[in-house]
Amino acid sequence: MKCIIIAGGKIEDDFLEAFFKEQEQEKQFIIACDKGYETCEHLNLTPNLVIGDFDSASQGVVDRITARGIEIKILNPVKDDTDTEAALRYAFDITDELDSIFIFGGTGSRIDHMLGNIALLGLGLKNNRNVILLDSHNFIQMIRPGDIYIVDKEEGLFVSVIPYMGVARKVTMEGFKYPLTEADIKGFDTLTISNQVVAQEGHIFLEDGYLIVIESRD
C-alpha cells in the first residue's frame, strides 16, 4: 500500500493530480496535515484522515472536515513534533515494512520545515519504511548501508548526494558522469552536487553513515 501525506506547504496542482492519476490502480491511504486539507478540498480529494493542530488552517476547516464524515485527529498545538511527523508516525502504524510513504507539501517556503522533513526521512529508515519527500522539481530520499539506490538515465535529471549526521563512508556511484569509488563524503563542500547518469542506470551505495539522495530537475 502507498501512504500519501499532504502537508501544508505549497503544492503544484498539476503535479499532484498527475501523481494520483499514475497511482490510481494501487491501494492508497491519504493523510492530510492541517492546511494540507485545503489542498485536498481544492483538488476534490477525500483524505482518509486529517491530522493537525490547525494553527495554519483557515477558519471553519475543522467544521467542514467533520461535516464530510472524515476522520480527524486534533493535536495539542503545544507539542514537541510537527504535524507532518505526527502524520508519519501514524503512517508507520498502518503500513507494512518496505511500503512507500510519499510526503507532498514538505518543501515549500519554510526552510525550517523543509529541513525538518528531510530529517524525517531518517525516521523512515529507522522504521523500515521507504519515505519520499517530493515536489515538481525534486525527489528526495535517504539511504543507509545495505541500500542500493538505482537511478534511471533521463534527460535533464540531476542527482546530488549529501551526507547526513556525519561522514558517509565508502560511497560508490557507478554509471555517473562523475563516478565515486569507496569515497568518504564529509560534507561542508559541494563536490557531490549536480551529477548525471551516463549509463543506462546509476547505482549508489555506501558502507557506513547516511546519505541524502536528491533527484532534481530545473
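Buried means under 20% relative accessible area, exposed means over 50%, and partly exposed lies in between (1.4 Å probe, protein chains only). This is a predicted model, in which local features need pLDDT of at least 70, side-chain atom pairs count only at pLDDT 80 or more, and totals for chains, interfaces and linings use all residues. Residues are numbered from 1 along each chain as its sequence is written, and side-chain values use heavy atoms, without hydrogens and water.

**The chain**

The chain has five helices and twelve strands. Here helices (H or I, at least four residues) and strands (E, at least two) are DSSP runs, numbered from the N terminus. The radius of gyration is 18 Å, close to the 17 Å that the globule rule gives for 218 residues, so the chain is as compact as a globular protein of that length. That radius is taken over C-alpha atoms, and the rule is 2.2 Å times the number of residues to the power 0.38. Along the principal axes, the C-alpha atoms fill a box of roughly 55 × 35 × 30 Å.

Of the 218 residues, 46% are buried. Contact means heavy atoms within 4.5 Å. Among contacts between residues at least 6 apart in sequence, 65% join residues at least 24 apart.

| Residue | Loop | Relative accessible area |
|---|---|---|
| Asp-53 | between strand S3 (49–52) and helix H3 (61–67) | 12% |
| Glu-154 | between strand S8 (149–152) and strand S9 (158–174) | 41% |

Asp-53 is buried. Leaving out residues up to four places away in sequence, Asp-53 touches Asp-34, Leu-75, Asn-76, Pro-77, Lys-79 and Asp-83.

Glu-154 is partly exposed, because its relative accessible area is 41%. The C-alpha atoms of Glu-154 and Glu-201 are separated by 9.3 Å, although the two residues are 47 apart along the chain.

**Helix H5**

Helix H5 (residues 111–126) has 16 residues. From first C-alpha to last, H5 reaches 24 Å, close to the 22 Å expected at 1.5 Å a residue. The expected span is 1.5 Å times one less than the number of residues.

Buried residues of H5 include Met-114, Asn-117, Ile-118, Leu-120 and Leu-121. Gly-122, Leu-123, Gly-124 and Leu-125 are buried as well. Just after H5, Asn-128 takes a positive phi of about 55 degrees.
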